[in-house]
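Hi,

Here is the structure I promised to pass on.

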Amino acid sequence: MSNLSFHDPVLLSETIETLVTDREGIYVDGTLGGGGHTAGILKELEKNGQIYGIDQDPEALEQVRTQGEKDPRLHLVMGNFGFMDIILPPELEGQVSGILLDLGVSSHQIDEASRGFSFREDGPLDMRMGAMTGITAETVINQYSQEELTNLIYTYGEERHSRRIASAIVGNRPLHTTKELRDVIGSVVHGPHAIKSVARVFQAIRIEVNRELEMLEKGLNAGRKFLKENGRFAVISYHSLEDRLVKHFFRTGNIQGNLKKDFFGNPITDMELLNRKVITASPEEVERNPRARSARMRVGIKKTTDSA
Ligand SMILES: C[S@@+](CC[C@H](N)C(=O)[O-])C[C@H]1O[C@@H](n2cnc3c(N)ncnc32)[C@H](O)[C@@H]1O
């Protein structure tokens, strides 16, 4: 597994420290990507430990398959972590010691212009992470109403010029390439921070195309079934909406953050937040890997109760 690193894994030592509690345990990496975290976890495991590496991007799996040394402890699974309960072997239910989700796109996906994630390179408006079905960025850009675009750029992109940008997109349709989209945004947002607006719009469209929040909710709910008692669930997110949803889920067992209580006032949930404080990257890591700047890791523990 030594050459698996076309993506510099974020919060690697923190992930391993909190997630790997049993060197002979079974682990799930729901976002295999370049295999950086998986390789780190494998290094910690004894020879009868196991890890299931899931990715919805066939290219990521292929890369890990061809770059990695054959390791019988690693099982590669193609699919969306939101459907973990369908794509993982059912006998793993209640047996898993730790699950990791390192959300978003990999640097490999961003670097490949033809995938349409990069606003620095010209490529088709695609942005699909997974099996090549479903809507593309082109559909969102050219078919959504101005109001839908405004809302999605504001909510998923946290972009304050959302109204102006959506109006410019609609006024210049049809758009087919990432450069065209970038130019349209640049025509209404100026100044030194314009590139940040471009990044935020691209992020918003990507979240919509891949239904990232919906899949995260599904993945959290599916993942909890696989955890054994005291098993840990680590999620690294890069967006405040994701982070809030994860925090709520680990605190209360649902993404809305509604803590249900029994007649005696005891919380009814099978999850518990391990650290009250969110885990973020050290200044050294941010210096080395700018992507780590916005990373926020939360860890949940599966409790003994079966009352959730
Ligand atoms: C940030 S990268 C993970 C990098 C990885 N931790 C590493 O160290 O190399 C995210 C990866 O997760 C995949 N991914 C994102 N959402 C997914 C989902 N819902 N289901 C399966 N894979 C997903 C992406 O295709 C991408 O390869």
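Where does the ligand sit? The answer is the largest cavity. Keep in mind that this is a predicted model, so everything below is computed from predicted coordinates.

**Around the ligand**

There are 24 residues around the ligand, and the ones that come nearest are His37, Asp55, Phe81, Asp102 and Gln109. By type, the shell splits into 14 polar, six nonpolar and four charged residues.

The side chain of aspartate 55 has an N or O atom 2.7 Å from an oxygen atom of the ligand. Glycine 36 comes in through its backbone: one of its N or O atoms is 3.2 Å from a ligand oxygen. As for cover, the ligand on its own has 600 Å² of accessible area, and the protein covers 98% of that.

Glutamine 109, one of the nearest residues, belongs to helix H5, which runs over residues 107-111. Why does glutamine 109 count as buried? Its relative accessibility is 5%, and the cut-off for buried is under 20%. The side chain of glutamine 109 also makes a polar contact of 2.8 Å with the side chain of aspartate 57.

**Backbone details**

A few spots in the chain deserve a click:

- Arginine 173 and proline 174 are joined by a cis peptide bond, with omega at about 0 degrees. Proline 174 is in the loop between helix H8 (162-171) and helix H9 (178-188).
- Leucine 11 has a positive phi, near 50 degrees, although the residue is not a glycine. Leucine 11 is in the segment before helix H1 (12-19) and is buried, at 0% relative accessibility.
- Glutamate 158 is another non-glycine residue with a positive phi, near 50 degrees. This one is in the loop between helix H7 (146-157) and H8, and with a relative accessible area of 43% glutamate 158 is partly exposed.

Which residue is 281 positions along the chain from aspartate 8, with a C-alpha separation of 7.4 Å? That is asparagine 289. You'll find asparagine 289 in the loop between helix H13 (283-288) and strand S7 (296-302). Its relative accessible area is 10%, so asparagine 289 counts as buried.

Cheers

Notes:
Residues numbered from 1 in each chain as written. Predicted model: local features only at pLDDT ≥ 70, side-chain atom pairs only at ≥ 80, totals over all residues. Heavy atoms only, no water. Near = heavy atom within 4 Å. Polar contact = N/O pair within 3.5 Å; in protein donor to acceptor, adjacent residues only side chain to side chain. Areas by Shrake-Rupley, 256 points an atom, 1.4 Å probe, with all protein chains shown as cover. 1 Å grid on protein atoms, 1.4 Å probe; cavity = no way out; pocket = protein on both sides within 12 Å on 5 of 7 lines; lining within 4 Å. Sits in = over half its atoms within 2 Å of the grid points. Nonpolar A, V, L, I, M, F, W, Y, C, P; charged D, E, K, R; others polar. Helix = DSSP H or I, 4+ residues; strand = E, 2+ residues; numbered from the N terminus. Buried < 20%, exposed > 50% of the residue type's maximum accessible area, 1.4 Å probe, protein only.
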